[in-house]
Amino acid sequence: MEKSSIPFNSSAAAPEKSLNQQWQSFQKESISQLRADTCIVVPCYNEADRLVLDPYKQFFKQEASQGIVFLFVDDGSTDETEKILSSWKELFPEKCSMFRLKKNSGKAEAVRQGVLMALQNPDFCRIGYWDADLSTPLEDIVSFREILRTHPELLLLMGNRNKRLGCAVERSMMRHYTGRLAATLISLKLNLPVYDTQCGAKLFCRELVEKVFRTPFKTSWLFDAELLMRLSRSDGRDFVLNHVWEVPVSMWKDRSGSKMKFIQGGVQLLHFLML
């Protein structure tokens, strides 16, 4: 397993004891049986209408995808999400696994639980998360992994949805401008030149995962920004500047069916700015 030589402030809190009890019912053995160096957590809540198998099937056929597996987290869905994910696990037992949270806990906690589950497999030296609607294509995982492989000083890659020539970024005008306002406020709060904390495409080196996901997040929608805040406060601004990169995604498409509403987003942004 690849290791990073980057030193850390090791003051991370221990995981809650209750998680150990939860994991007993989440079939830890299915995680330990996956042989890969990279695990991508995909949080899902009532995604039955947006989950599509074909992109995954095509991705699994690509030689470049070898060593990449998926852990789907059903965040207490009330539709057919669990049934769909269970069938995918049966079809591709070497490529994906899944577990279900007993109740809906929000994206931040669903991702956190999935990441903590992934840590049960010591072979995963890179752990990330990806949006279930595949707004960012799966192929970008390959390029993210290659960057981490070739730049050992990096600990976190964050997808960046900057619209530019040669990249198809499609989003509504309203979402674009409200997103830019939120991103500017977040950047000022963090005192970091970050352009896009909210892209649902992230890939971490294992050592960083073990540090920043141990305790629950205070926000659900803005937990990505809270990650950077945790890291900056524990290890310093320069540490983030030296070990975190934003990487332009190859494409991004605004999908319908988002669970985050405008007013909810505004409330959570105010909450974050007060942290």
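The following dialogue explains how several terms apply to this predicted model.

Guide: Residues are numbered from 1 along each chain as its sequence is written, and side-chain values use heavy atoms, with hydrogens and water left out. As this is a predicted model, local features need pLDDT of at least 70 and side-chain atom pairs count only at pLDDT 80 or more, while totals for chains, interfaces and linings use all residues.

Visitor: What makes up the secondary structure of the chain?
Guide: The chain has 11 helices and nine strands. Helices (H or I, at least four residues) and strands (E, at least two) are DSSP runs, numbered from the N terminus.

Visitor: Why is Leu-116 called buried?
Guide: Buried means under 20% relative accessible area, exposed means over 50%, and partly exposed lies in between, with a 1.4 Å probe and protein chains only. Leu-116 has a relative accessible area of 1%, and therefore it is buried. Leu-116 lies in helix H5. Over the chain of 275 residues, buried residues make up 51%.

Visitor: What makes a set of residues a nonpolar core?
Guide: The members are buried Ala, Val, Leu, Ile, Met, Phe, Trp, Tyr and Cys residues, joined through side-chain atoms within 4.5 Å. The largest such core here has 82 residues, and those touching the most other members are Tyr-56, Phe-70, Phe-72, Phe-124, Phe-213 and Leu-228. Helix H5 (residues 107-118) contributes the most to this core, seven residues.

Visitor: Which residues does Leu-228 touch, beyond those up to four places away in sequence?
Guide: Contact means heavy atoms within 4.5 Å. Among the residues that Leu-228 touches are Leu-156, Met-158, Leu-190 and Val-244.

Visitor: How do you know that strands S2 and S3 pair?
Guide: Two strands pair if DSSP finds at least two bridges between them. Strand S2 (residues 68-74) and S3 have five bridges, in the parallel sense. Phe-72 stands opposite Met-98 in S3. Between S2 and S3 the chain passes through helix H4 (residues 81-91), forming a right-handed β-α-β crossover. A crossover is right-handed if, with the strands pointing away from the viewer, the path from the first strand over the helix to the second runs clockwise.

Visitor: What makes strand S3 mostly covered?
Guide: Of the five residues in strand S3 (residues 96-100), four are buried.

Visitor: Which residues line the largest cavity?
Guide: On a 1 Å grid over the protein atoms alone, a cavity is a set of points where a 1.4 Å probe fits but cannot get out, and lining residues have an atom within 4 Å of a point. The lining consists of Leu-156, Phe-204, Leu-208, Val-212, Leu-227, Leu-228 and Leu-231. Helix H9 supplies the largest share of this lining, three residues. The volume of the largest cavity is about 30 Å³, where a volume is the space filled by probe spheres set on the points, and grid points are joined across faces, edges and corners.

Visitor: Why is Ala-132 counted as buried?
Guide: Its relative accessibility is 8%, so Ala-132 counts as buried. Ala-132 lies in the loop between S4 and H6. Beyond its neighbours within four places in sequence, its contacts include Val-42, Pro-43 and Cys-44.

Terms used. 1 Å grid on protein atoms, 1.4 Å probe; cavity = no way out; pocket = protein on both sides within 12 Å on 5 of 7 lines; lining within 4 Å.
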